[in-house]
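Work through the exercises below with the sequence and the 3D view open. Try each task before reading its solution.

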Amino acid sequence: MTELDFIPKLDNDFLKNGRVSYQSPSNIALVKYWGKYGEQLPENASISFTLSNCHTKTTLEFEEKSGTEFEFEVYLDGHREVGFEPKIHSFFERVVSYLPFLRKYRFIIKTTNSFPHSSGIASSASGMSALALCLLEMERMMSKGPMTDQYFAQKASFLARLGSGSAARSIQGPLVVWGQHPEIATATNLYGVPFTASVHTNFANYQDAILLVDKGEKQVSSTVGHNLMHGHPYARQRFATANNNLTKLMAILKSGDLESFIEVVESEALQLHAMMMSSMPYFILMKPNTLEIINRIWAYRKETKSKLCFTLDAGANVHVLYPHSEKDTVNAFIQNDLVQYCKNGEYILDEAGLGAVKL
Ligand code: PMV
């Protein structure tokens, strides 16, 4: 597949108006994407668990219009959000050659997140993938021939990627790879693909508790962070290590070796933040309670032989990952111990899921 495969052939019989809705989840990377080139293309391959409970629901209402400007309004929880509009405008500009009908309609985009607003959870992966899916559903309604499910999933991920890189991994589940990799023939920089190699039952319904450490706006956006990987002294080593970690993880996912899983996942999280700390300018997104939680996780693992581990996104919140078999004990540990490090005692219990659904 190339970009050209995503330029559609549409019927001249355009729809007058209509509406379409999708629910799309967030995802948590095990091997991280940090550093990009060209039009949102990743410098290394990444793999993530698709989540279930953290999702965005988006309804797209559309009505034919004249003129060639993009026309849309965005509503979050029923309230107009003009603050989101510049990002959507640049998304429209990036995808218009793949969705040429965008200028022919006036859109109302109504969106809600299952997680609290400004929880510090990036809504860009779930939000951009939900919008991409709604727009592609419109295309499906107007396209000449039938669209296969595989093409639909690939193009949805391709479009989502142009909104936010990690959104490419939110269409399907439970494990998605994005970025070309020598050992995964289907993997591409253009869109995320389901990880179809063998996965041990230890990883079935893997649990992810998101501990909300800091709910404020990020001091450094991920766009700025990615850009700081250009000319970063450790960039080349980092990209090679990430690809290597994905190779290691493939064997781990097959064997079910949870100790090695912990090693790769925690190392990936700390490397992501090490890249931020060694950028110029440098920055730190972890907070004191991020480190408190990491230390408590390490102590708990030593005391109990639990197989829980942590990972981090580009922020202070901690994702605690653990096998389904440890759900009750780890949930109790979080509620009795880790909760004290969460802002207002807030955390979200989630688990690996199967991806987006049409509503
Ligand atoms: O999707 P973006 O451009 O916001 O990048 C986020 C990248 C990380 O969340 C930090 C890592 C990842 O692979 O999801």
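**Exercise 1. The domain interface**

Task: State how much area is buried between domain 1 and domain 2, and what share carbon and sulfur atoms give.

Solution. 
- Step 1. About 3,200 Å² is buried between domain 1 and domain 2. Carbon and sulfur atoms give 67% of that area. Buried area here is the accessible area (1.4 Å probe) that two parts lose on being put together, summed over both.
- Step 2. Look at the domain 1 side. Leu30, Lys32 and Trp34 lose the most area to domain 2, together 26% of what that side buries.
- Step 3. The contact takes 32 residues from domain 1 and 42 residues from domain 2, where contact means heavy atoms within 4.5 Å.

Before going on, note the ground rules. This is a predicted model in which local features need pLDDT of at least 70 and side-chain atom pairs count only at pLDDT 80 or more, while totals for chains, interfaces and linings use all residues. Residues are numbered from 1 along each chain as its sequence is written, and side-chain values use heavy atoms, with hydrogens and water left out.

**Exercise 2. Polar links across the interface**

Task: Find how many residue pairs are in polar contact across the interface of domain 1 and domain 2, and which elements give two or more residues to the domain 1 side.

Solution. 
- Step 1. The rule finds 14 residue pairs in polar contact, both residues at pLDDT 80 or more. A polar contact is a pair of N or O atoms within 3.5 Å; within protein, one must be able to donate a hydrogen and the other to accept it, and residues adjacent in sequence count only if both atoms are side-chain atoms.
- Step 2. On the domain 1 side, strand S1 (17-31), strand S4 (46-64) and S8 give two or more residues. Helices (H or I, at least four residues) and strands (E, at least two) are DSSP runs, numbered from the N terminus.
- Step 3. S4 supplies the largest share of that side, seven residues.
- Step 4. Count salt bridges between the domains: there is one. A salt bridge is a side-chain nitrogen of Lys or Arg within 4 Å of a carboxyl oxygen of Asp or Glu.
- Step 5. Glu43 pairs with Arg236 in a salt bridge, with the closest N and O atoms 3.8 Å apart. Arg236 lies in helix H5 (residues 235-255) and Glu43 in the loop between strand S3 (41-42) and S4, so the pair ties together parts 193 residues apart in sequence.
- Step 6. Arg236 is exposed at 59% relative accessibility. Glu43 is partly exposed at 21%. The classes are buried (under 20% relative accessible area), exposed (over 50%) and partly exposed (in between), with a 1.4 Å probe and protein chains only.

**Exercise 3. Threonines of S4**

Task: Which side chain does the side chain of Thr56 touch in a polar contact?

Solution. 
- Step 1. Thr56 sits in strand S4 and is buried at 1%.
- Step 2. The side chain of Thr56 makes a polar contact of 2.7 Å with the side chain of Ser126.
- Step 3. Thr58 is also in S4 and is buried at 2%. A polar contact of 3.2 Å joins the side chains of Thr58 and Thr111.

**Exercise 4. Backbone exceptions**

Task: Where is the cis peptide bond that involves Pro174?

Solution. 
- Step 1. The bond joins Gly173 and Pro174, with omega about 0 degrees. Pro174 lies in the loop between helix H3 (149-163) and strand S8 (175-178).
- Step 2. Met280 to Pro281 is cis as well, with omega near 0 degrees.
- Step 3. Asp77 has a positive phi of about 50 degrees although it is not a glycine. Asp77 is partly exposed at 43%.
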